[in-house]
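Please read the points below alongside the sequence and the structure.

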Amino acid sequence: MNAWWAGLAPRERVILGAGVAVLVLLLLWLAIWEPLAKKRESLRTDISALSADLAWMQQVAGQVKRRAAQQQTQGNGATAGGSVLTLVEVSASAAGLRDSLERVQPEGQGARLWFNETGFDALLGWLGELEQRHGLQVSQLAVDAGNAPGLVSARVKVEPR
């Protein structure tokens, strides 16, 4: 290799050396600098997106805390002091289910309810309202078909969450 290099003219050595230097610089640019620049730009984009998310979360955090406190007071107020029975009877009357509510019996912290010949859709809507608005949960449900289409007899147990 040395003999080949020594056999080159000085002008050829300069051209070949400059070509190797340009090739090395090009390889360094493509292999190191360009990927680092792309990664840095990607990280900047991620940081700006995450900063926007953080700003939104900080903005909404107060609302979330207020809603959680509101739901907790609603849930505790609705079920405190044995008022589950009262809540069930009042909300059943408001939902139009009072006529088909045959019996309400306290059981533990909750209540067991018997419905006869009531509308299935109305019953499920009312049970959903008990869960969402009043902090009660349905722990047992038994439904039997009624004498007419859409009517059912049901036994329900509701308890505080």
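Two strands pair if DSSP finds at least two bridges between them; helices (H or I, at least four residues) and strands (E, at least two) are DSSP runs, numbered from the N terminus. By these criteria, an open sheet of four strands has the order 1-2-4-3, with antiparallel pairing. The model is predicted: local features need pLDDT of at least 70, side-chain atom pairs count only at pLDDT 80 or more, and totals for chains, interfaces and linings use all residues. Residues are numbered from 1 along each chain as its sequence is written, and side-chain values use heavy atoms, with hydrogens and water left out.

**Sheet**

- Strand 1 and strand 3 (136–145) form the edges of the sheet, each pairing on one side only.
- Strand 1 (residues 101–107) runs antiparallel to strand 2 and is joined to it by six bridges; E107 stands opposite G110 in strand 2.
- Two residues separate the strands in the hairpin of strand 1 and strand 2, where G108 takes a positive phi near 65°.
- Seven bridges link strand 2 to the antiparallel strand 4 (residues 151–160), with V156 of strand 4 as the bridge partner of L113.
- Strand 3 and strand 4, also antiparallel, are joined by nine bridges; A142 has R155 in strand 4 as its bridge partner.

**Helix packing**

- Helix 3 (residues 84–94) packs on the sheet and touches strand 1, strand 2, strand 3 and strand 4, where contact means heavy atoms within 4.5 Å.
- Helix 4 lies across strand 2, strand 3 and strand 4, at about 155° to strand 2; axes are lines fitted to C-alpha atoms, for helices over the stretch in contact, and angles run from 0 to 180 degrees between N-to-C directions.

**Burial and side chains**

- Seven of the 10 residues of strand 2 are buried, so this strand is largely enclosed by the rest of the structure; buried means under 20% relative accessible area (1.4 Å probe, protein chains only).
- F115 is buried at 3% relative accessibility, and W126 is buried at 1%.
- R103 lies over the face of W114, at 4.2 Å from the ring centre; the criterion is CZ of Arg within 6 Å of the ring centre and within 35 degrees of the ring normal.

**Confidence**

- The mean pLDDT (the predictor's confidence in each residue, from 0 to 100) is 88, and 93% of the residues reach 70 or more.
- Over residues 77–82, pLDDT stays under 50.

Notes
Buried means under 20% relative accessible area, exposed over 50%, partly exposed in between (1.4 Å probe, protein chains only).
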